[in-house]
Amino acid sequence: MSPYGKCYKISTEIHKYYCAGDDLGVYVLRESVLRNMQITAPSLAWLLPSSLFWKPDEVLVETHERNYTWSDMKDFFNDIDYSVAWEMWKDVYNYTLNFAPPGVEVHCLHGYNVKTVERLLYKKGAFPEGYPSFVIGDGDGTVNKRSLEGCVHWKGQQKQGVYHQTFPDMDHMDVLRDPRILQYITELFKYKL
């Protein structure tokens, strides 16, 4: 058993780092190799579902014994024996509630049409140490589509422009190097300068 909790082989975008780690696209590394370092990062709490986009009773983790919703995050972290994650989440929660427009021009660029985990499904007796199956939705492979499109809610709420552009089949990390994104940014600087 890991010193950081019972949940070892769970792999999901919702709780992936807390329970299994992420190989960050380096396929020669096992997810679990990086896990012990990754879960100590308080910024992981920002990856958890937001109450602005998920209903309180929406199931995120389904087990034979119990379903965990957004409202059950504390219980979930206690049940995987990593209550520190709950404390990290409490540190950022109030900041996630302030979704007021930023008052500056916004360019929201992201991928879509990449399989992104929405919910975990555990067979009887598999939770918390077993490997779940997944309900897959749309997103960029890391962030769910409904979170990616959060910036759209700012349109019409501020005088500065909010520009939203999506790129099919572009995953979360490709946004940093994709030629289409780089071209967009280059053109934006040419226009603004």
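Which residues touch the most other members of the largest nonpolar core? They are Val61, Met73, Phe76, Phe77 and Phe127, in a core of 24 residues. A nonpolar core is a set of buried Ala, Val, Leu, Ile, Met, Phe, Trp, Tyr and Cys residues joined through side-chain atoms within 4.5 Å. Two or more residues of this core come from each of β1, α3 (73–79), α4 and β4. Helix α4 gives the largest share, five residues.

The model is predicted: local features need pLDDT of at least 70, side-chain atom pairs count only at pLDDT 80 or more, and totals for chains, interfaces and linings use all residues. Residues are numbered from 1 along each chain as its sequence is written, and side-chain values use heavy atoms, with hydrogens and water left out.

The protein has six helices and six strands. Both are DSSP runs, numbered from the N terminus: helices are H or I with at least four residues, strands are E with at least two. Along the sequence the pattern reads α-α-β-β-α-α-β-β-β-α-β-α. Of the 193 residues, 41% are buried. Buried means under 20% relative accessible area, exposed means over 50%, and partly exposed lies in between (1.4 Å probe, protein chains only).

Several strands are paired. Two strands pair if DSSP finds at least two bridges between them. Strands β1 (residues 59–62) and β2 (residues 67–69) run antiparallel and are joined by three bridges. They form a hairpin, with four residues between them. Within this pair, Val61 stands opposite Tyr68 in β2. Val61 is also among the core residues that touch the most other members. Strand β1 has a further partner in β4 (residues 114–121): these two run parallel and share two bridges. Here Glu62 stands opposite Leu121. Strand β4 also pairs with β5, in the antiparallel sense, over seven bridges. Thr116 stands opposite Gly137 in β5.

Buried in α4 are Ala85, Trp86, Met88, Trp89, Val92 and Thr96. An α-helix has 3.6 residues a turn, so residues three or four places apart point the same way.

The structure holds one disulfide, a pair of cysteine sulfur atoms within 2.5 Å. It joins Cys108 to Cys151, with an S to S distance of 2.3 Å. The pair links distant parts of the chain, 43 residues apart. Cys108 lies in strand β3 (residues 106–112), and Cys151 in the loop between α5 (145–148) and β6 (162–168). The torsion about the S-S bond is about -90°, so the disulfide is left-handed. Both ends are buried: Cys108 has a relative accessible area of 14%, and Cys151 one of 7%.

Asn144 lies in the loop between β5 (133–139) and α5. Is Asn144 buried or exposed? It is buried, because its relative accessible area is 9%. A polar contact of 3.3 Å joins its side chain to that of Glu118. Such a contact is a pair of N or O atoms within 3.5 Å; within protein, one must be able to donate a hydrogen and the other to accept it, and residues adjacent in sequence count only if both atoms are side-chain atoms.
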